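Please read them alongside the sequence and the coordinates.

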Amino acid sequence: MDLPKEVRYRPYEDWSTEELAKINNNVKQSPWRTSYHIEPKTGLLNDPNGFSYFNGKYTLFYQNWPFGAAHGLKQWVHTESEDLVHFHETNVELRPDTKNDSHGAYSGSAYEIDDKLFLFYTGNVRDENWVRDPLQIGAWMDKDHKITKMDDVLIRQPEDATEHFRDPQIFNYKGQFYAIVGAQSPEKSGFIKLYKAVDNNVENWEEVGNLDFGGIGSEYMIECPNLVFVDDKPVLLYCPQGLDKAELDYRNIYPNTYKVCQAFDTDGAKLIGASEIQNLDYGFEAYATQGFNAPDGRTLAVSWIGLPDVDYPTDKYDYQGALSLVKELSIKDGKLYQYPVEAISSLRADSEAFANKSETTNTYELELNFPANQKSEVLLFADDKGNGLSLTVDTKDGKIILDRSKAGVQYATEFGTSRECSIDTKETSANIFVDNSIVEIFINKGEKVFTSRVFPEASQNGIVIKSGDVTGTYFDLKY
Ligand code: FRU
């Protein structure tokens, strides 16, 4: 939603109790609140931030402007979880309240060090002429969730980058702390800077160089880069804005992509043996995916189910955006798989054989099997007039098509109303998680993923098998 700058950058303390009550009340009017996904209490949610393990629990923050569905003065909102399925908000925020983050506590990461959580983020600072000075800054959060910001700037804008320099990700590789930061060159192409903590002190960083990951730089900016390790293979997750469609076919306004690599040359700032660039997700919205290597050996990731510069049907209720389920990353036959963490099955309640269903709660999981050599079509969010979200699994021609054109309130139609990807012409499975206005589809246990919003009309809550010998199970989900 377009709001004037004066509204979006109004200091937090200037919002009156009455104004906040009005916003709160407006959010409650929405027919589309989800039940087992993280959504903002109010306002806009965008990137996942600071995903980490701290003090025996998982920590996950999200970017938020709390006063409406717009990108304004951003803060981080803190949530915690023991099982990566049930998250609760602690009412702790990282606020934009110092001279180093005066125009927003922008995205970043976190790492537990000596009983404290180190938060590494971008302080968005603008001067009176609205010229930006992006500062990479830090804070410590203690076990009581008390946040103490560091006074000194940790990394300043380098000479070979424009003001688009942000989203530091800290990671530990073989005992040494590194960080990568998304950047734009003066020639307007995207790149990633690699830094190293001097003497392993995360309050002191030195530049190693520009990360070589075999890109051709057709994008104009790289946001939210993350380097994670899956079975010791480096996997780079990133958002190359403006990427040339000749380099990678994608439909969303900005893509979220990845490369699987073979090795990490730290001194040479090089990811060796980087694969071709690939779409991380084939759905209508998944962005700013943040991953980290958890202490138990799993590589975990979570995405923003939303996109920059897109208006959503929930905007009129003063909120926008959600986070995806937490996904575990793995590599099979050289391919990256993403699948919800095992604990997600704890949500399964009553189950029945998959069949047409005139009414559901729109809060369920489907585990489906599509036979080989057949074109099957299933409608979710279906009404009795033939509308709904159409999923075609075509194991004859080897493709999957998700068509949203007849599912609920339409938006962002300028980017098309269907999404597709290719698959093998074999028997194919799909696990589908529906949560009122979210659908996350995992093909072949995470080989391909479609993450999307759908904003159904009240009557759109059925399931219709249009064609194909589709079998499987319907699970009611209880949070
Ligand atoms: C990505 C992004 C980040 C930035 C944040 C601001 O969605 O633009 O690059 O840090 O959002 O909210």
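Predicted model: local features only at pLDDT ≥ 70, side-chain atom pairs only at ≥ 80, totals over all residues.

1. An open sheet is formed by six strands in the order 25-35-26-31-32-33, with antiparallel pairing. Strand 25 (348-353) and strand 33 (448-453) each have a single partner strand and stand at the edges, so one side of each lacks a neighbour in the sheet. On average, neighbouring strands of this sheet are turned by 15° against each other, direction ignored.

2. Within this sheet, strand 26 (residues 363-370) and strand 31 (residues 428-435) run antiparallel and are joined by eight bridges. The bridge partner of N369 in strand 31 is S429.

3. The structure contains three cavities of 30 Å³ or more. The largest cavity holds about 100 Å³ of space. Its lining comprises 10 nonpolar, two polar and no charged residues; among them are Y36, H37, F87, S324 and I344.

4. The second largest cavity holds about 70 Å³ of space. Its lining divides into five nonpolar, six polar and one charged residue, and includes P48, D167, C224 and Q290. Strand 5 (105-113), strand 9 (165-173), strand 13 (221-230) and strand 19 (287-293) are the elements that each give two or more residues to this lining.

Note on methods: Residues numbered from 1 in each chain as written. Heavy atoms only, no water. Pairing = 2+ DSSP bridges. Helix = DSSP H or I, 4+ residues; strand = E, 2+ residues; numbered from the N terminus. Axes fitted to C-alpha atoms, helices over the stretch in contact; angles between N-to-C directions. 1 Å grid on protein atoms, 1.4 Å probe; cavity = no way out; pocket = protein on both sides within 12 Å on 5 of 7 lines; lining within 4 Å. Points joined across faces, edges and corners; volume = space filled by probe spheres on them. Nonpolar A, V, L, I, M, F, W, Y, C, P; charged D, E, K, R; others polar.
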